[in-house]
Amino acid sequence: MREAAEGIRERFGFGGEVEKAVPLERVQLREPRLKRPTAFGDLFSDARYERVSHALGKAYRDVVRGFRGEFENPPDLVAFPREESEIETVLSWAEAEGAAVIPFGGGTSVVGGVEARLGERPVVTMDLRRLDRVLEVDPASLAARIQAGATGPRLEEQLREHGLTLRHFPQSFEYATLGGWIATRAGGHFATLATHIDDFVESVRAITPRGTWESRRLPGSGAGPSPDRMLIGSEGILGAISEAWVRVRPRPEFKASVGVEFDDFLAAAGAVREVAQSGLHPANCRLLDASEAELTGAGSGAANLLILGFESAGQPVDGQLDAAIEISRAHGGAAGEVRKQSPQESGAGDDAVGAWRGAFLLAPYLRDTFVACGVLSETFETAITWDRLEEFHAEVMETTRAAVAEASGVPREGPGAPRVSCRFTHVYPDGVAPYFTVLAPAVRGGEVEQWDEIKAAVSEALIGGGGTITHHHAVGRDHRPWYDRQRPAPFAAALRAAKAELDPAGMLNPGVLIDP
């Protein structure tokens, strides 16, 4: 950790002495307000470790408070159902006790989606990770029925036995679950076409306080509003997702990727727009500005970097990649060495694409290190149409730089100034998802207040500029003020009515999406 701190200071010009995390035995934890029922065996736990490890998500403000041993809102009990009947037991018991229930997958929420900020109301967190099996595979339809608690590695391990893959790889892949992805409309591996878990869902089954909700398994339907769409993105307020039929695919055998450098960010964005509208449908089409490229080790900081990648299970993808490279060159891009993988090639190589991929996968795990070293690290993502991108990008970058510098008490420019960068994570024919990264010296002991100030300023810029408050990180409790402004008021009223019908006691994840 000390070596990491030295490297951070050398690279960014900030980052202080290393602090140690508060150990579990020193954490001050309030006593459970619910008595663990023994009639249900080991379904419920009041163990200290379980209560602490289910108290927070993985936002920067969560990591900071956990690091300092501050768990203000721990669940009173944690439930571990193994089957749907036990989910029903948890819901009925909690309702009788007047308790709230928070469905919990991998605990990777970065928007306050799993923290019980409910005052005096007792809380049961329901961890669904014991429901982790691939129950059925339909090879003719290329679909699989998978329990909601299966983590990314767990479901991929089981699908591999059939030569199949879901191929949904968010950064939280190692810990997050299928049910969590569906509940939060998670974005994944593909930069075009199937960008969100929505695109993989064939049908969903959930246990609500008023019965089982299961949609018919169909490739498509025009029969009224979709019951699937209502559960996708519901963030646990309507029911606990127990399983889903999802579309899977053969594992890719052919892959090709390349890094393309641009001197001008907007010229690179023009290339991305043309690729997105070309019908080529790359699996990867991520543009990193010069600062982001340097931050990830994929570039020197002198050029903006576009990472293009194509993949296929049955045929070479060289033609599509060549066409995308030609589009990029027409916009002033300079392509590097093409990296290929076929059934006969490993695809190994130490290049910009490999460096970016490694940094992308590692990024979420660096937060503990940054917190210990006194570095604020945060990200903000949104989506905007192409016609508004230039003005929107400039405004958000300017607002973020000013807000970070003011909240951190440092100059905006010069040695040790905060770092603000941008990349495109997903692209569409009509728009793009910009993703902003912030690194700044943390205000030791005041990190949460510092984060709150920055979060508010950037969120105002996102909504004020016509973007969405979140492209793939969900709403949770942290995004509620801006989500309320983004959605139409009649829709909010309809959502409240659905909540009242399915959950009249208001027990499921209160405060998320709508008020308790």
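## A buried proline

A residue is called buried if its relative accessible area is under 20%, exposed if that area is over 50%, and partly exposed in between, with a 1.4 Å probe and protein chains only. P441 has a relative accessible area of 13%, and therefore counts as buried. The model is a predicted one, in which local features need pLDDT of at least 70 and side-chain atom pairs count only at pLDDT 80 or more, while totals for chains, interfaces and linings use all residues. Residues are numbered from 1 along each chain as its sequence is written, and side-chain values use heavy atoms, with hydrogens and water left out.

P441 belongs to strand β20, residues 431-441; helices (H or I, at least four residues) and strands (E, at least two) are DSSP runs, numbered from the N terminus. With contact taken as heavy atoms within 4.5 Å, and residues up to four places away in sequence not counted, P441 touches F14, G374, L376, S408, V410, G416 and Q450. Of these, G374 is 67 residues away from P441 in sequence, yet their C-alpha atoms are 6.2 Å apart.

β3 pairs with β4 (residues 123-127) in the parallel sense over five bridges, and F104 has D127 in β4 as its bridge partner.

## Helix α8 and the largest core

A nonpolar core is a set of buried Ala, Val, Leu, Ile, Met, Phe, Trp, Tyr and Cys residues joined through side-chain atoms within 4.5 Å. The largest one has 54 residues, of which V272, C285, L287, L306, L308 and F424 touch the most other members. Helix α8 (residues 265-276) gives this core its largest share, seven residues. Apart from this core lies another, of 42 residues, which includes A183, I463, I469 and V475.

In α8 itself, the buried residues include F265, G270, V272 and A276, and among the elements that cover the buried residues of this helix are β12 (254-262), α10 (318-330) and β19 (419-428).

Definitions and conventions. Two strands pair if DSSP finds at least two bridges between them.
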